[in-house]
Structures are given as C-alpha cells and as structure tokens.
Amino acid sequence: AASSRLTSRTRGSFCHSAHSGRWSALGRLIRPSAMAGVVTPHGSSQKTLLLNIGNVTSVLSEVVRELSCGKSGVLNVFTCGTDAAMAVHAAAVSDDVRKTAMSVGGGSGECAAAILGHSYNVPVCDGKLMCGDDLILHSFGKSGADAEEEVVATFTPATASAGPANLKSRGGGVCDLVTRDIAAVNFDSTKTSTKFSLVHITLGGGPTSVCINENADPDVRVDLAGALQRIAPRGALAA
C-alpha cells in the first residue's frame, strides 16, 4: 500500500467462498500458557510456547492480551516443527483439513504442513484476536491428547488502522473480484510518517479465502474456482 491507497492493474484480489453473504472479522477471548518471553525490535514482543495440538484459540487469546497490552496490530503464530502447521477454521472440520492436506501432499506429513502453512497472521484489535473461526495447531508427526508442538507468537503493533471491510460474495464456490472494495477502505495513517506500509486482510470465518491472481481474462476466476473445487469438493472442505 502506498500513501494509504491500494492500487491494482491486471492483478486482482479474489474472494472465494462456498457461502454467499458478507464477511468481516470477529473476535474471541481467553487462557494462558508460556515458556519464555522476549522483546523484538520495532516495538514487537514475542513468546515461545509449547502447546497441545488442536484448538489453541483460548491460549493464544490470553497470550496476545499480554503481548499487546491492549493495543492493535498483528499476531504472527509460527510452528517450529517441519511437520506442524497453523490454520484458521472451525475445529469441527479439523479431520477434513488434515485428510485434504495429506492427500494433496502425497501422504507426506512435511508436505501437508507446508501446504497448510507453518505460520499464520491474525489481526489484533484492542488486544483481542480478530479471527471468526478457531486457530488450529496441526501436527502430522505426533498424535494423542498429550502431543505438543513448539510455537513462537510475535505481536507487532499497528502504525495505521481501519474499520472492517465488508466484502460481498455470491457463494457457491464462485471467485468474486474485491480489489475495489478493499481499496475503498479508509486507512487511518496519521500515526505514521512513512508513505509505504503493509495492509493485512483476514476474513472473519466461514469457508472463505482471499488471494491475488492476474485478472486479464475473466476465465482466470472460473479456472481458479474449478481448481479449488477439484482439490476440496464442496461438502468436504470449502476453503
């Protein structure tokens, strides 16, 4: 983003959703667990944690309240294990997520973790996580109720702020162009003197995602929706 404005030419931001409606961020709260803490440059703060695999929303909600001191910004959650991953989705579909990632990854736990991603960025508003679904810690090398993975949580305070962006989606697995909707958000950059910054966009839950692709031909969105449908058919895993 330059001078608080977003620009796009042949590339476009696509919102892919299995459900129609509007999507915006929601917050949730609660409980602690930490091993070590350290302050990083540029006002960021960090903790290393050993967490049980599964739903870690409550633990990280308490951790971000401590790290942020009630401020707004972004929480980055990084999994240290090569066969561990962090994702945001309803806890009820965790098995579907794991099976899909393992299938796409050819049965390799490390490939499955790489596909889901070893880190996840979550917006923080006034010390609260703004994720509509659950933060799920996946492990493709460990199992059982006592299985744990090492995680690094880093909070970086925001230098600009904006209200929620309501993005319209037709649903049904269709990819909608939302570049103008995002560019229309009024970013308050009065807290910083820099002309360049990073705009972070997170959808508030549901089977919905945002990506950037070239947009020279409308068929791009059709091809993308078709590819996602083949990887994760509707009714199995939507986003």
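Analyst: **Strands and core**

Valine 74 has proline 123, in β8, as its bridge partner. This is a predicted model, so local features need pLDDT of at least 70 and side-chain atom pairs count only at pLDDT 80 or more, while totals for chains, interfaces and linings use all residues. Residues are numbered from 1 along each chain as its sequence is written, and side-chain values use heavy atoms, without hydrogens or water.

Start with the pairing. β6 and β8 pair in the antiparallel sense, over six bridges. Strands here are DSSP runs of E with at least two residues, helices are runs of H or I with at least four, and both are numbered from the N terminus. Two strands count as paired if DSSP finds at least two bridges between them. β6 also pairs with β11, again antiparallel, over seven bridges. There, asparagine 76 has threonine 154 of β11 as its bridge partner.

Next, cysteine 125. It sits in strand β8. Cysteine 125 and valine 74 are 51 residues apart in sequence, but 8.6 Å apart in space, C-alpha to C-alpha. Leaving aside neighbours within four places in sequence, cysteine 125 is in contact with Lys71, Ser72 and Met130. Contact means heavy atoms within 4.5 Å. Cysteine 125 is partly exposed, at 36% relative accessible area. Buried means under 20%, exposed over 50%, and partly exposed in between, with a 1.4 Å probe and protein chains only.

Now the core. A nonpolar core is a set of buried Ala, Val, Leu, Ile, Met, Phe, Trp, Tyr and Cys residues, joined through side-chain atoms within 4.5 Å. The largest one has 20 residues. Leu51, Val56, Leu60, Leu75, Leu129 and Leu135 touch the most other members. At least two residues each come from β4 (45-52), α1 (57-68), β6 (73-79), β8 (119-125), β10 (134-139) and β11 (148-157). α1 gives the most, with five residues. In soluble globular proteins, nonpolar side chains tend to be buried together.

A second core of five residues is separate, and includes Ala85, Ala101, Ala113 and Phe140.

To recap, β6 pairs with β8 and with β11.
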